[in-house]
Each structure stands twice: as C-alpha cells, then as structure tokens.
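Open your viewer and keep the selection tool at hand. The stops follow below.

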Amino acid sequence: MTATAITPARTASARHLAGTPALVRLALRRDRVLIPVWVVALVGTLFSTERSLEKLYDTAAERADVAHDMNANGSFRALYGAVYADSYGALTVWRVGATVALLAGLMSLLVVIRHTRDEEETGRQEALSAAMVGRRAPLTAALVGAALANLALLLMCTAVLRGAGQSTAGSLAFGTAVALTGMVFAGIAAVSAQLTENTRLARGIAVAVLGVAFVLRAAGDAARPAADGGSHPLVWVTPLGWAENVRPFAGDRWWALLPSAALATGCAVLAYALAGRRDIGAGFIRPRPGPAHAPASLAGAYGLAWRLQRGTVAAWAIGLAFGGAVFGGIADGAKDIVGDNDGTRDLVRRMGGHVDLTDAFLSTLIGLLGLICVVFAAGAILRLRDEETAARAEPLLANAVGRLRWAGGHLVVAYLGTAAVLAAGGLAMGLSYGITVGDVSGQLPRVLLATLAQTPAVWVMTGLAVLIVGALPRLTPAVWGLVGLVIALGWLGPALKLPQSLLDVSPFAHLPKLPGADVTATPYAYLLTLAAILPIAGLTALRHRDLG
C-alpha cells in the first residue's frame with residue numbers, strides 16, 4: 001500500500017521536472033559570457049581590494065586607526081558597513097563585502113528573471129512546453145543556473161582570500177555569505193516571476209527589494225557603531241545585513257548564515273507552489289482591464305511609450321528620493337571623522353575629489369545616485385527590444401507609425417525620465433541634508449544642481465544602449481554587462497587606485513566632483529555630443545534592419 005501511494009507522487013514529481021537537464025544546459029549556454037563576466041568582475045574587485053589595503057595600511061597601528069575612524073563615522077558605516085576587526089581580511093570584507101553581496105544579488109535575480117518570466121513573455125516557453133518539458137522545469141533550470149553562478153563565486157572568493165594568506169574559515173565564511181545572499185535574491189526573483197505577467201515588472205519588484213535591503217542595511221549601520229558589539233535592528237531585517245553579521249575574520253559567526261539559507265529555501269518553495277497553480281504566461285497579479293475608450297494621449301507613439309513606462313519612472317523616482325533622503329541625513333557625519341590618518345584622508349579624497357570631507361562624501365553619494373540611474377535608463381531603452389521580441393511592435397509599425405516615431409517615444413521617456421529621477425533623488429538629498437545642517441535654502445539648490453549634473457553621463461550610457469539595440473540586437477544582454485562595468489569603475493575604481501586610463505572608460509570619470517569642484521563647459525560639451533551621436537547611429541541602424 002505504501003509503495004502504491006508513493007509511486008504516483010514520484011511519477012508526478014518527475015513529470016513536473018521533465019526536461020530540466022536540457023533546460024539547464026540551454027540556460028548555461030545562453031549565459032556562457034554573462035555569468036563568467038559577473039563572477040570574474042566581483043572576484044577581481046575582491047582581489048584588488050585586498051592587495052590595495054596591504055599597500056595602503058602596512059602596519060597594525062594604521063589598520064587599527066582606520067578601523068576606529070570608519071566605525072566612528074556613521075556616513076562611512078552607511079556606505080560600507082561596520083568594521084569588526086583590523087586584520088587585512090576583516091578590512092577587505094568591510095570595504096567590498098556589502099558591494100559584492102549586493103551585486104551577487106543583482107546578478108542572481110537577473111539570471112532567474114531571464115530564464116523564467118522573460119521566456120514566458122516572449123512566447124518561447126510555450127513553444128518549449130509543447131515538447132517534453134515539465135511545468136516546473138524552467139523554474140528549476142533558472143534556480144540551478146543561479147546556484148551554479150553563486151557556487152563559482154563562493155569558490156573563487158574563498159580561493160582568492162585564502163591565496164592572500166587569510167584564514168580558511170574566514171575566507172569560506174565570506175564566500176558562503178555572498179553566495180547565500182545571491183540565492184536569497186534568486187528566490188525573491190523566482191517569486192516575483194510567478195506573481196506578474198510582465199518581465200519588467202517582475203524585474204522591478206526584485207530590484208526594488210534589493211534596493212530596500214541596501215537602504216535598510218545602510219540606515220541601520222549608520223545608526224549604531226560596531227563598538228558596542230551589536231547591530232541595529234534594521235540590519236537584522238535585510239539579507240545584506242545577515243551577510244554582514246557573519247563577520248568573516250572577526251569571529252566567523254556561522255549561525256548568521258541560517259536566516260539567508262531559510263529565506264532562500266522558503267522563496268524557492270513558494271515559487272514552486274505558485275508555478276503549479278497558474279497557466280504559462282499568466283501571473284497572480286493580473287493587469288486591470290483598461291477603459292472602454294482610450295484617452296487622447298494614446299493616439300500617438302509618445303503617449304503609448306509614456307503609458308507603458310510611467311509606472312517604472314514613478315517607482316524609480318520614489319526609490320531614489322527615499323535613498324537620497326536617507327543619505328542626505330547622514331552626510332553631515334563625514335565631518336566628524338578623525339583626520340590624523342593620512343591613508344584615510346587619501347581614501348576620502350580619491351572617492352570625492354575634495355579636501356573638505358563633507359563635500360567629498362556628498363559628491364560620492366551623488367555619484368552613486370547617477371550610477372544607479374544608469375540601471376533605470378538602460379531598462380527604459382531595453383523596453384524597445386522587449387516590445388520587438390514580444391511581437392507587439394509589428395502591429396504598430398504595420399499602420400501609420402514609423403520606426404523612428406515608435407522608438408522616439410521610448411527614447412523621450414528614457415532621456416527625460418533620467419532627469420526626473422535624478423531630480424527626485426537630488427531634491428530629497430538636498431532637503432534632508434539642508435535640514436540636518438540647518439541651511440535648507442543654501443544646500444538644497446547646491447545638492448540638486450550637483451545631482452542633475454550627472455545627467456549627461458547617464459545619457460551617454462543611454463545612447464550606448466540605443467546603439468546596441470538598434471545595430472546589434474542579439475547582443476542586447478551585453479547592455480547589462482556594460483552597466484555593471486560602469487558601476488564597478490565608478491564605485492570601486494578610485495578606492496582601488498585603478499589606472500586613470502581604465503577609469504576614463506566610464507563617462508562619469510569625466511564629470512567634475514560636485515558640489516565643490518570647479519565647473520567648465522568642456523566635459524559637458526563632449527558628453528552631450530556623444531550622447532547625441534550614439535542614439536542617432538542606433539536609430540539609423542534600427543531603421544534599416546529587420547525586426548525580430
């Protein structure tokens with residue numbers, strides 16, 4: 001009786017997972033460039049940081065000083081987390097641990113969304129499901145692909161730290177914390193892929209959760225130093241905070257890995273349950289039926305593009321406003337940093353470009369807003385490719401709408417939306433910082449203009465995305481690789497003392513460090529010219545190539 005009862009269950013389980021090995025191989029083949037680039041970039045960042053810290057702080061006294069300085073300053077704790085020990089390993093984890101964990105989460109959610117919701121929205125999954133492919137096989141393949149990427153990250157991070165002479169336990173603890181953080185956001189992306197019927201919305205939900213996790217971790221670390229041995233409650237409600245509290249090379253608290261493992265498992269189980277209760281292409285958050293009569297704004301391509309992307313613009317504006325308000329409130333703490341350590345001063349000046357620590361910190365945060373906005377701009381342009389591959393563009397272009405008008409609507413949203421999103425972040429940061437220092441009228445316009453000054457650099461990346469979509473549509477996923485490269489160069493490059501020739505690859509490297517730096521028209525003229533040439537070339541290519 002027992003065997004009779006178990007056999008059908010096993011048969012059903014096998015039926016739901018049929019075709020998984022083939023889909024895993026397909027996913028790995030499609031990601032044969034994307035995943036290695038992500039992993040190598042993150043591991044390279046870890047390696048470079050460890051080496052640079054050995055050169056920067058070559059005595060125990062200097063390491064103790066920098067650990068004390070960073071823990072005494074809420075602004076730097078917000079950016080990088082708390083310092084729990086002054087060994088090279090602990091300082092390396094402090095400097096890039098939060099960033100590597102954040103980017104591991106971003107890599108994982110992009111991989112999962114790409115092989116689940118994106119496949120369904122484009123109709124490819126329906127074609128595959130007509131063969132011997134089980135209902136849960138695509139989700140399994142996506143999670144396996146993310147797991148393999150994070151396993152590679154775990155092994156390489158451990159090997160790099162161990163090769164640098166750090167302890168095996170601490171190296172393995174760090175690698176495991178990063179990998180589990182990646183799997184947490186892979187699970188969150190798997191759930192969001194089941195909830196929605198739209199790739200962009202699914203990706204947006206997962207990225208929003210990642211952003212909130214970063215902000216909560218930053219706010220918690222800013223509110224409480226590590227000197228008291230504990231962490232703020234806000235740190236304990238975010239997966240990024242759990243990774244930090246593993247404390248590699250400072251006690252190696254393995255039990256702090258349990259929340260990440262539990263959440264990753266729970267999200268995967270929930271995603272599997274949801275996947276078995278919906279049709280292919282459907283989601284649990286169903287789009288509302290539209291009105292019986294379309295508004296006049298939908299009569300043109302520009303109105304349609306705005307209708308399709310207005311929710312994304314609003315979400316990004318709210319997100320950057322929230323982040324700007326948090327960071328503006330803690331920016332004044334940079335003045336309190338102990339200034340006796342030359343290495344620390346040098347680090348701050350390379351990041352912000354100023355002698356004044358507060359201006360340097362503000363400049364760093366404003367630069368971070370600009371880098372984050374690149375993600376929004378790239379996504380807005382890639383909506384063109386989504387509309388094309390989903391065959392929604394063809395009915396439009398079969399009528400009186402030309403390709404340039406159709407593409408131009410999305411370009412207007414991307415370019416003007418960039419300015420609007422940056423303005424929201426700058427307004428919130430300027431207002432928050434002005435209230436903190438008691439000078440709203442003076443600081444608000446200063447910070448707002450400095451934030452808007454990031455716009456030309458974001459527009460260059462926007463134009464590059466247009467060029468790839470228009471001329472090299474098969475390489476569209478490479479846009480995210482370029483976005484990751486620019487973020488890595490802008491956020492970690494100065495601290496790692498990378499060659500200026502490499503930093504100059506990023507358009508952000510050519511902007512003056514505002515507020516506080518001298519402003520000339522030359523860099524803006526070059527960037528704006530490039531931001532105009534790239535989309536023109538992309539639109540020209542789009543006009544002359546086949547769709548699909």
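What volume does the second largest pocket have? About 990 Å³. The model is predicted: local features need pLDDT of at least 70, side-chain atom pairs count only at pLDDT 80 or more, and totals for chains, interfaces and linings use all residues. Residues are numbered from 1 along each chain as its sequence is written, and side-chain values use heavy atoms, leaving out hydrogens and water.

**Stop one: the pocket.** Select Arg30, Arg114, Arg474, Thr476 and Pro477. Of the 31 lining residues, these lie nearest the pocket's centre. (Lining residues have an atom within 4 Å of a pocket point.) Next, colour the helices (DSSP runs of H or I, at least four residues). Helices H2 (20–30), H3 (34–56), H6, H11 (199–223), H16 (357–389) and H21 (478–492) each give two or more residues to the lining. H16 gives the most, with five residues. By class, the lining has 13 nonpolar, seven polar and eleven charged residues.

**Stop two: Thr92.** Select Thr92 in helix H6 (residues 88–115). Is Thr92 buried or exposed? Thr92 is buried, at a relative accessible area of 0% (buried means under 20%, with a 1.4 Å probe and protein chains only). Now show its contacts (heavy atoms within 4.5 Å). Leaving aside residues up to four places away in sequence, Thr92 touches Leu46, Thr49, Glu50, Leu53, Gly97 and Leu161.

**Stop three: confidence.** Colour by pLDDT (the predictor's confidence in each residue, from 0 to 100). The chain averages 84, and 89% of the residues score at least 70. Now select residues 1–6, where the pLDDT is below 50. Beyond near neighbours in sequence, this stretch has zero contacts in the model. Where pLDDT is low, predicted coordinates should not be read in detail.

Key
Buried means under 20% relative accessible area, exposed over 50%, partly exposed in between (1.4 Å probe, protein chains only). On a 1 Å grid over the protein atoms alone, a cavity is a set of points where a 1.4 Å probe fits but cannot get out, and a pocket is an open set with protein on both sides within 12 Å along at least five of seven lines; lining residues have an atom within 4 Å of a point. Grid points are joined across faces, edges and corners, and a volume is the space filled by probe spheres set on the points. Ala, Val, Leu, Ile, Met, Phe, Trp, Tyr, Cys and Pro count as nonpolar, Asp, Glu, Lys and Arg as charged, and the others, Gly among them, as polar.
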